[in-house]
Amino acid sequence: MKRLMLALSLTLSAAALAPGHVRAGATDTDEERAARWSEIKTSIFGDRAVTASESAVKIDAPARALDAALVPIGLTLADKDNVKGLSFIIDDNPSPYAAHFTFGPAADPGEIKLRVRVNNYTNVHAVVETKDGKLLEAAKFVKASGGCSAPMGMSDEEAMKGMGEMRLKFGGEVQPGKPAEATLMVRHPNFSGMQMNQVTRDYTPARYIEKLDVTYGDALVFHLDGDISIASNPVIHFGFKPEGKGPIKVVASDNQGGRWEQSFPVPSASN
Amino acid sequence: MRVIARTAALGVLGLMLGAAGPADSPVGVPEPEGLYTGPPRGYTPATLKGATVVDLKGLEKLLPENPVLIDVVLADHRPQGLPADRPWLPTHRSLPGAVWMPGAGAAPLAPEQEEAFLARVAALTGGDKAKPVVTFCRPECWGSWNAGKRLVAAGYTRVHWFPLGVEGWQDSHDTAVAKPDPAWTAAVSGRAAQR
């Protein structure tokens with residue numbers, strides 16, 4: 001109820017602010033944002049050229065997020081057979097490099113969905129790395145703030161209950177020739193390290209999923225390098241090639257030495 | 001029972017709709033006697049004795065007078081446990097022209113830090129206690145309330161508290177990248193600035 005009231009009051013105060021005089025055209029702000037992106041780009045990709053291509057990857061994100069600590073992001077990749085990796089960057093987050101996916105032979109990387117923390121009104125960028133080594137970027141502006149430091153609304157112990165438990169929900173029966181989809185849910189607080197305990201005023205140390213591997217039989221679907229910008233209890237939606245054998249195996253590890261592993265039988269008509 | 005619950009819910013909604021002030025909360029927080037020393041994040045009072053509470057329109061009306069804009073948003077805390085090789089590039093956007101003194105709204109504040117804050121405001125106002133000053137941070141943040149309270153106690157006569165903060169501003173205006181005020185940063189130790 002308290003949360004609901006808070007949400008309502010925020011909505012009301014937001015509604016009270018008339019949408020107003022946003023200046024059109026290039027402003028100092030645009031320049032500052034471009035400079036920021038260029039700084040981040042260099043820190044991640046070095047000297048490599050990153051070419052703008054709104055068609056290579058489409059970012060689906062709410063223009064205004066309801067909850068800055070849980071912003072749903074959808075990434076649709078046009079030329080999925082030519083994709084090697086995918087980076088997601090939240091420019092104004094203090095740790096901007098939110099996620100990096102490396103796709104394996106069992107991947108069907110047409111669409112990836114995840115949920116992230118957004119610290120400020122910011123551009124977000126998706127960068128696709130093609131198999132021939134090209135980098136293609138797309139951007140979107142997202143209005144949300146305070147996501148990285150937002151407390152979880154429960155004690156740390158409570159937030160860590162059942163840590164490492166996983167669920168994998170399939171998009172239906174897996175049949176050869178039809179693209180297969182699944183949603184992975186991992187119970188893990190993914191503490192950002194920026195969340196302050198309001199009573200003791202101490203910060204909970206960062207504890208987040210650093211590496212996550214999903215394999216189908218012997219083949220890699222994807223490897224994820226995670227970050228504190230991924231929302232608590234990570235949920236990742238992905239596609240995979242249906243022609244594999246055996247279970248889907250997920251191995252997750254965090255930056256404090258936690259490691260969890262679970263296998264899921266693939267619901268198949270032919271099995 | 002269900003009817004009672006529904007009536008109560010409607011009552012709460014009615015109270016919220018009736019709440020017009022920018023700092024109003026659904027729970028009606030009273031002003032503390034002095035500085036607020038509780039959890040820094042939470043519902044704030046609708047008022048600040050001795051100061052004017054302004055919403056966005058009020059702030060816009062005040063801007064032609066070139067008020068001193070004081071931003072007390074906490075600096076992002078570098079996470080303990082974040083591997084050293086992860087890029088850590090904190091950035092802060094604020095009202096253009098604002099002076100950012102991270103954590104200057106904390107309470108208690110060490111005496112020398114309190115002194116540094118007041119000295120800095122004195123310099124920014126040119127010693128004119130009647131110059132308009134605006135304190136802000138983020139919504140539901142006590143820091144800007146405390147900063148305003150300190151300035152009222154120090155004898156400033158035109159203190160304005162803008163409880164909607166950066167969020168309330170950036171909905172309809174550009175923000176600018178702000179760096180922590182060097183004079184303030186020099187006065188506080190690294191750790192204290194993040195509190």
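A residue counts as buried if 20 or more other C-beta atoms lie within 10 Å of its own. Keep that in mind for the views below, all taken from a predicted model.

**View 1. Chain A at a glance.**
By that cut-off, buried residues make up 39% of the 271 residues in chain A. The chain has 3 helices and 15 strands. Look at contacts between residues at least 6 apart in sequence: in chain A, 69% of them join residues at least 24 apart.

**View 2. The open sheet of chain A has 9 strands.**
Read across the sheet, the order is β1-β8-β7-β4-β5-β12-β11-β14-β15, and the pairing is mixed. At the edges sit β1 (50-52) and β15 (259-264) of chain A, each pairing on one side only. From one strand to the next, the twist averages 20°.

**View 3. Helix α2 of chain A lies across several strands.**
This helix covers residues 28-45. The strands it lies across are β1, β4 (83-90), β5 (97-103), β7 (122-130) and β8 (135-142) of chain A. Relative to β7(A), the helix runs at about 35°.

**View 4. Strands β14 and β15 of chain A run antiparallel.**

**View 5**

**View 6. Over in chain B, an open sheet of 5 strands.**
Here the order is β1-β6-β5-β2-β4, with parallel pairing. The edge strands of this chain B sheet are β1 (52-53) and β4 (99-100), and each pairs on one side only. Strand β5 (residues 133-136) of chain B pairs with β6(B) in the parallel sense, over 3 bridges.

**View 7. Zooming in on B:V159, in strand β6 of chain B.**
The strand spans residues 159-161, and B:V159 is the bridge partner of B:V133. Is B:V159 buried or exposed? It is buried, because 26 other C-beta atoms lie within 10 Å and the cut-off is 20 or more. Leaving out residues up to four places away in sequence, B:V159 touches B:G50, B:A51, B:V133, B:G148, B:L151 and B:V152. As for B:V29, it is 130 residues from B:V159 in sequence and 20 Å away in space, C-alpha to C-alpha.

Terms used:
Residues are numbered from 1 along each chain as its sequence is written. Chains are lettered from A and ligands numbered from 1 in the order in which they are written. This is a predicted model: local features need pLDDT of at least 70, side-chain atom pairs count only at pLDDT 80 or more; totals for chains, interfaces and linings use all residues. Helices (H or I, at least four residues) and strands (E, at least two) are DSSP runs, numbered from the N terminus. A residue is buried if 20 or more other C-beta atoms lie within 10 Å of its own, exposed if 12 or fewer, and partly exposed in between; C-beta atoms are placed from the backbone. Two residues are in contact if their C-beta atoms, placed from the backbone, lie within 7 Å. Two strands pair if DSSP finds at least two bridges between them. Axes are lines fitted to C-alpha atoms, for helices over the stretch in contact, and angles run from 0 to 180 degrees between N-to-C directions.
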